Amino acid sequence: MINQQWNYLRLPGALLGAALLSACLSGGGGGGSDNGGAAAGAGTTVSGTAATGAAIVSGTVTAVCADGSGFTDTVTTDTDGSWSGEVSNAQVLPCALRINGGTPNVTLYSLATATGNVNITPLTDLALALQVNDLSGQNLTDWFSAPNDGSADLATLGAQLSAAADALRSLLEAAGYTLPASWGAGSTAPFSNAFTADPNNDPYDQLLEALAQAINDNPGLTDYNALVSSLLGGASMPAAPGSQTGGGSVPATLNAALVGSLDLVFKQGSGAGCGSVCAFSEDQAVSVVLGADNSLTINGKTLTNPINRILGDSPHLPEIIWQDGNIDYALSDNEVGHFNEINVGDLSNTSGPFNTPAYLGQLRVKQPANPATAAVGALAGTYTPTFVNRSSRFDGLALTLGDGVQVLVQNTGVVSIDDFEFDPSDPTFNFWDGSNSPYQNTPVYQLTVKPSEDVTHTLTITLDQARKAPVAWRVAVTTRIGSGAYSNSYMDLEERPLAPEITTLFQALQARSPITLTGFVDSTLQSGFTLCEEVDLSIEGDGSIADPWRYDLNPKGVTTPGISNGQKGTETFSLRNAYYASESNGERLAMERLQILLRDDGEVELQQFNGGIIRDQASTDPAQIAIANCEAFK
């Protein structure tokens with residue numbers, strides 16, 4: 001039973017438009033399944049619950065996975081909102097998910113980064129909407145049509161899923177909502193924690209009910225779509241029903257890594273524009289100086305005494321804010337120490353429990369007219385990486401796995417690989433620079449061209465951690481094969497042989513496998529184990545192309561890995577999305593979802609790269625485990 005009816009139909013909204021894009025040829029799939037090559041294996045089940053508070057009954061769930069494939073059959077929800085679909089194997093993850101149709105008739109999105117439970121609710125939809133908009137400026141409808149392209153691709157979103165959940169969590173806490181105890185900082189619980197659509201017993205469903213009530217009670221929000229548009233425009237979350245949460249601020253300190261001068265431009269984007277509040281015009285050049293004395297100087301005017309807003313019970317650390325009369329300048333990400341943008345707000349027009357200023361626009365780093373020429377051109381030279389993986393649609397190449405492939409990079413930014421060319425002078429050319437984003441596990445450049453209306457070629461160049469040389473190349477071909485249906489295929493090239501220190505570290509860990517670790521912080525890994533749970537980490541493979549290095553993470557004592565036996569996760573080491581690093585206290589193997597640290601004292605830690613910060617999760621170190629007080633916890 002549901003207390004509040006979600007209204008999705010009165011406004012089309014910027015996010016949940018009328019264009020319902022099917023990503024498969026047969027109902028619930030994600031385009032032509034293309035699962036040949038090294039990733040082939042047994043089918044893998046992904047399942048979960050779709051609900052708005054009320055269960056979504058008879059809705060169609062569609063998947064678009066990292067290799068372009070989707071569900072192997074049509075997937076619809078049951079009377080309790082539960083659903084289950086099969087993808088070809090775990091290696092095709094992450095997968096973008098969408099539900100549409102059904103009762104209530106809604107369109108919502110989610111992301112599956114691992115096998116097991118995956119929810120599709122307004123919580124997953126809002127978290128993705130905020131993160132995708134931040135990364136690429138897209139709405140979810142457009143993003144879902146080609147989720148492997150651009151700066152909000154599946155790999156990037158998968159690595160930032162906890163950050164996306166944290167951003168939504170902060171907004172909800174700030175507005176006074178009661179969050180489930182299992183949804184802690186750094187957790188992907190809204191996506192991964194199983195729940196039932198029952199407001200009498202389930203805290204997640206109670207949260208959905210409260211959010212629906214808040215929308216109905218807010219005269220400025222006509223429906224859920226209006227809420228999404230409002231949040232993407234910089235507004236705050238509507239106050240929780242009955243919430244007395246206050247706002248306020250505390251003094252803030254500028255991260256020393258941000259001190260310096262910036263040449264920025266003003267972009268209105270989805271904001272209201274300056275009007276009479278500020279003097280910036282579209283594309284206006286703005287000189288900014290961030291001082292070691294915590295000052296912000298804008299076009300010669302110096303502001304001091306920055307603050308962090310209080311959201312819920314604590315300061316919102318990513319944003320440091322200076323105020324000038326009715327103008328609010330909110331810079332992020334101060335917590336990480338990386339400049340993203342300065343959001344410009346109107347303090348004379350506020351809303352929400354914290355009187356958040358209306359969003360006017362933002363000051364961004366000015367991009368060169370053709371950034372690919374400078375960035376990619378700096379890599380000019382001839383390379384011969386090794387052909388290490390491909391999907392079946394690349395079987396026609398006159399290449400065998402293990403062959404060297406010539407890659408030519410010109411100082412103009414033109415890249416040629418086999419019969420593929422990516423030329424910045426091509427009018428369809430697009431470039432995304434992910435080389436300096438602190439939120440990327442590996443630094444990348446991404447180049448796309450469209451040789452025809454229905455075909456897109458994408459080249460992803462992965463750089464070494466020093467950002468000086470390429471270490472991996474992926475060429476992907478996306479073909480539109482129907483109305484909203486796509487097929488995807490790819491080939492992967494890597495610099496081989498692997499560095500000897502990579503092989504030595506994997507061998508050292510393999511010799512100790514299985515390694516038993518204990519979760520010692522109150523959060524949940526993407527792999528799904530919890531505080532004080534014991535897990536076994538095993539290293540498999542020999543590092544060859546045929547048998548690459550990989551880890552298996554399983555409940556303690558499980559000797560036969562597999563989803564049916566409770567497997568917590570598995571990843572293959574690929575230079576495309578992983579790296580090795582020697583550190584002051586040990587050696588790190590950083591993969592897309594999990595990082596393994598072998599310390600100099602012999603202890604092993606599992607960590608997660610989350611929102612630009614490496615967060616501890618589990619360890620063999622008795623001193624770290626003692627922090628969790630697991631005996632009392634049990």
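**Labels and their grounds**

Modeller: This is a predicted model. Helix H1 (residues 122-136) packs with helix H7 (residues 224-232) at an angle of about 30°, their axes 10 Å apart. The crossing is right-handed.

Biologist: Which residues of H1 and H7 make the contact?

Modeller: From H1, Pro122, Asp125, Leu126, Ala129, Leu130 and Asn133. From H7, Tyr224, Leu227, Val228, Leu231 and Leu232. They divide into nine nonpolar, one polar and one charged.

Biologist: How do you know that Cys65 and Cys95 form a disulfide?

Modeller: A disulfide needs sulfur atoms within 2.5 Å. For Cys65 and Cys95 the S to S value is 2.0 Å, so the pair is a disulfide. The link is right-handed, with 100° about the S-S bond. Cys65 lies in strand S2 (residues 60-65) and Cys95 in strand S5 (residues 95-100), 30 residues apart.

Biologist: What makes Cys532 and Cys630 a disulfide?

Modeller: The cut-off is 2.5 Å, and their sulfur atoms are 2.1 Å apart, so Cys532 and Cys630 qualify. This link is left-handed, with -90° about the S-S bond. Cys532 is buried, and Cys630 is buried too.

Biologist: Why are S19 and S23 said to stand at the edges of their sheet?

Modeller: The open sheet has the order S19-S21-S22-S23, with antiparallel pairing. Strands S19 (381-383) and S23 (420-422) each have a single partner strand, so one side of each lacks a neighbour in the sheet.

Biologist: What makes S22 and S23 a pair?

Modeller: Pairing takes at least two bridges, and three join S22 (residues 415-417) to S23, so the two strands pair. In S23, Glu421 is the bridge partner of Ser416.

Notes. Residues are numbered from 1 along each chain as its sequence is written. This is a predicted model: local features need pLDDT of at least 70, side-chain atom pairs count only at pLDDT 80 or more; totals for chains, interfaces and linings use all residues. Side-chain values use heavy atoms; hydrogens and water are left out. Axes are lines fitted to C-alpha atoms, for helices over the stretch in contact, and angles run from 0 to 180 degrees between N-to-C directions. Helices (H or I, at least four residues) and strands (E, at least two) are DSSP runs, numbered from the N terminus. A crossing is left-handed if the near helix is turned anticlockwise from the far one by less than a right angle, and right-handed if clockwise. Contact means heavy atoms within 4.5 Å. Ala, Val, Leu, Ile, Met, Phe, Trp, Tyr, Cys and Pro count as nonpolar, Asp, Glu, Lys and Arg as charged, and the others, Gly among them, as polar. Buried means under 20% relative accessible area, exposed over 50%, partly exposed in between (1.4 Å probe, protein chains only).
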